[in-house]
Amino acid sequence: MPRVIFNTATTLDGFLADDDDSLSWLFVVPGADDAENAFGGFLEGIGALIMGSTTYEWLLAHEKLLEHPEKWYYTGKPAFVMSTRDLPAVPGADLRFRSGDVTAVWDELAAAAGDRDVWIVGGGDLVGQFADAALLDEIRVSIAPTTLGSGRPLLPRRLESDRLRLEKVAQAGQFAELVYSVRTAS
């Protein structure tokens, strides 16, 4: 069975995006290129990815993917998009639009990942659903030296320290990278 990993960047005060769902804060952090360089190795271990509709729509708009489908970064990897709305597909991308509870798509997602891991691209509520279903194995978070005061929370669920074990701490440019294994709730 594949591991499910949430790998993301967050602000020092725990937000994935600002109130307008923008990640502009992320791209101006000095050393962001250093942190990005290590990402390729992570992506090699990923067999399938899953994201919420807000994350997918941000990718569509930010990269102008409908006009430039060649910018789809996840070529060759099945990408599941959880949404209750009809969304446009990036031409040529292996996109699978699904709705409902994450447990309803788990078997298909795990089969698509094969012997590799599943990456939860975002957002926080989707990660929370995986945690609630005892399907979240690891949280990898790169903390940026930025505060927003408000926005989209990193993980809008309560996970206490008995469920999280710190496995690794590293520095990449101005980012502090933390890796936690996630235990099933007792």
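Let's start with β9, residues 164-172, and β10: these strands pair in the antiparallel sense over eight bridges. Strands here are DSSP runs of E, at least two residues, and helices are runs of H or I, at least four, numbered from the N terminus. Two strands pair if DSSP finds at least two bridges between them. Gln171 stands opposite Ala176 in β10. The two strands form a hairpin with two residues between them. Gly173, in the turn, has a positive phi of about 60 degrees.

A word on the source. This is a predicted model, where local features need pLDDT of at least 70, side-chain atom pairs count only at pLDDT 80 or more, and totals for chains, interfaces and linings use all residues. Residues are numbered from 1 along each chain as its sequence is written, and side-chain values use heavy atoms, leaving out hydrogens and water.

Now the other side of β10. It pairs with β7, residues 138-144, again antiparallel, over six bridges. There, Glu138 has Ser181 as its bridge partner.

Step back to the whole sheet. Eight strands form an open sheet, in the order β5-β4-β3-β6-β1-β7-β10-β9, with mixed pairing. The edge strands are β5 and β9, each pairing on one side only. Neighbouring strands are turned by 20 degrees against each other on average, direction ignored. For angles, axes are lines fitted to C-alpha atoms, for helices over the stretch in contact, and values run from 0 to 180 degrees between N-to-C directions.

Helix α4, residues 53-63, packs on this sheet and touches β3, β4, β5 and β6. Contact means heavy atoms within 4.5 Å. The direction of α4 makes about 100 degrees with that of β3. Helix α5 lies across β1, β3, β4, β5 and β6, at about 145 degrees to β3.

What about the largest nonpolar core? It has 25 residues. Such a core is a set of buried Ala, Val, Leu, Ile, Met, Phe, Trp, Tyr and Cys residues joined through side-chain atoms within 4.5 Å. Buried means under 20% relative accessible area, exposed over 50%, partly exposed in between, with a 1.4 Å probe and protein chains only. Among those with the most contacts inside the core are Ile50, Trp106 and Ile120. α5 gives the most, with six residues. A separate core has 21 residues, including Leu65 and Trp72.

Last, Thr146. This residue sits in the loop between β7 and β8. Buried or exposed? Thr146 is buried, at 18% relative accessible area. Beyond four places in sequence, Thr146 touches Thr11, Leu12, Asp13, Trp25 and Val29.
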